[in-house]
Amino acid sequence: MESGPSHERLNRKIIDSLYVEAMVLADEARSYFDRAKDDGIFQGSPLLRITLSCESIKVTTRLMNIVSWLLTRRTHFSGARVVQPAQFQKLSCAPTSPRHGLAGLPDEAQIIIEASVDLYARIARIDHDRALQPLVASPVRSLLQQIEGAF
């Protein structure tokens with residue numbers, strides 16, 4: 001069996017790390033696309049403008065899906081058991097970005113788009129693996145959480 005986050009038991013540290021990564025990427029994407037508008041990158045050829053606009057929306061959609069998925073799990077791991085693991089929503093589908101269509105975009109745009117696609121793919125693998133292996137509560141882990149909650 002492979003090792004890696006998709007085959008390990010999800011825990012708060014993994015979720016928090018992925019959440020921070022998603023939020024940093026979301027901030028970088030927002031900053032880049034705002035700056036691109038101000039710097040006139042969107043004033044290039046009509047095809048470039050349309051492609052950048054579409055990719056901006058796709059990146060935003062991907063990241064919103066990721067953050068939503070992660071927030072549900074962060075809430076669960078924080079001890080607020082409003083949503084039980086069996087009720088976790090699946091990661092929503094996100095629009096794809098064909099690599100051949102990105103070739104004419106500025107390098108920074110391509111890096112942000114590819115980073116969002118990569119992060120989405122990693123979360124999707126974890127989501128898929130979690131769906132195949134339902135979370136079984138460990139009595140020892142449950143007891144440890146109760147002790148942590150008491151202090």
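Reader: Leaving aside its neighbours within four places in sequence, which residues is Lys58 in contact with?

Author: In this predicted model, Lys58 is in contact with Pro95, Thr96, Ser97 and Pro98, once neighbours within four places in sequence are set aside. Lys58 itself belongs to helix α2.

Reader: Why does Lys58 count as buried?

Author: The relative accessibility of Lys58 is 18%. The cut-off for buried is under 20%, and Lys58 therefore counts as buried.

Reader: What makes Ile57 count as exposed?

Author: Ile57 is also found in helix α2, but its relative accessibility is 56%. A residue is exposed when this value is over 50%, so Ile57 falls in that class. In sequence, 38 residues separate Ile57 from Pro95, and their C-alpha atoms lie 9.1 Å apart in space.

Reader: How do you know that Leu47 is exposed?

Author: Leu47, a residue of helix α2, has a relative accessibility of 62%. Because the threshold for exposed is over 50%, Leu47 counts as exposed. The C-alpha atoms of Leu47 and Gly104 are 9.5 Å apart, while the two residues stand 57 residues apart in sequence.

Reader: Why is Glu55 called buried?

Author: Glu55 lies in helix α2 and has a relative accessible area of 4%. With buried set at under 20%, that value makes Glu55 a buried residue.

Reader: What makes Phe33 count as buried?

Author: The relative accessibility of Phe33 is 5%. Phe33 and Ser56 are 23 residues apart in sequence, yet 6.8 Å separates their C-alpha atoms.

Reader: How do you know that Val59 is buried, and which residues is Val59 in contact with?

Author: Val59 is found in helix α2 with a relative accessibility of 1%. The limit for buried is under 20%, so Val59 counts as buried. Beyond neighbours within four places in sequence, Val59 is in contact with Ala29, Phe33, Ile112, Ile113 and Ser116. Val59 and Tyr120 are 61 residues apart along the chain, and their C-alpha atoms are separated by 9.8 Å.

Reader: Why is α1 called roughly antiparallel to α2?

Author: The axes of helix α1 (residues 12–38) and helix α2 (residues 46–77) cross at roughly 155 degrees and come within 9 Å. That makes α1 roughly antiparallel to α2, because the term applies to angles over 145 degrees. The crossing of α1 past α2 is left-handed.

Reader: How do the residues of the contact of α1 with α2 divide?

Author: The residues of this contact comprise 18 nonpolar, one polar and five charged.

Reader: How do you know that the span of α2 agrees with what its residues should give?

Author: Helix α2 has 32 residues, which at 1.5 Å a residue should span 46 Å. The expected span is 1.5 Å times one less than the number of residues. The end C-alpha atoms of α2 are 46 Å apart, so the two values agree.

Reader: Which residue just after α2 takes a positive phi?

Author: Gly79 does, with a phi of about 105 degrees.

Reader: What makes up the protein chain as a whole?

Author: The protein chain holds four helices and zero strands, and its elements follow one another as α-α-α-α from the N terminus on. It has 151 residues, of which 32% count as buried.

Reader: Of the contacts between residues at least 6 apart in sequence, how many percent join residues at least 24 apart?

Author: In the protein chain, 77% of those contacts join residues at least 24 apart.

Notes: Residues are numbered from 1 along each chain as its sequence is written. This is a predicted model: local features need pLDDT of at least 70, side-chain atom pairs count only at pLDDT 80 or more; totals for chains, interfaces and linings use all residues. Side-chain values use heavy atoms; hydrogens and water are left out. Axes are lines fitted to C-alpha atoms, for helices over the stretch in contact, and angles run from 0 to 180 degrees between N-to-C directions. Helices (H or I, at least four residues) and strands (E, at least two) are DSSP runs, numbered from the N terminus. Angles under 35 degrees count as roughly parallel, over 145 as roughly antiparallel, 65 to 115 as roughly perpendicular and the rest as oblique. A crossing is left-handed if the near helix is turned anticlockwise from the far one by less than a right angle, and right-handed if clockwise. Ala, Val, Leu, Ile, Met, Phe, Trp, Tyr, Cys and Pro count as nonpolar, Asp, Glu, Lys and Arg as charged, and the others, Gly among them, as polar. Buried means under 20% relative accessible area, exposed over 50%, partly exposed in between (1.4 Å probe, protein chains only). Contact means heavy atoms within 4.5 Å.
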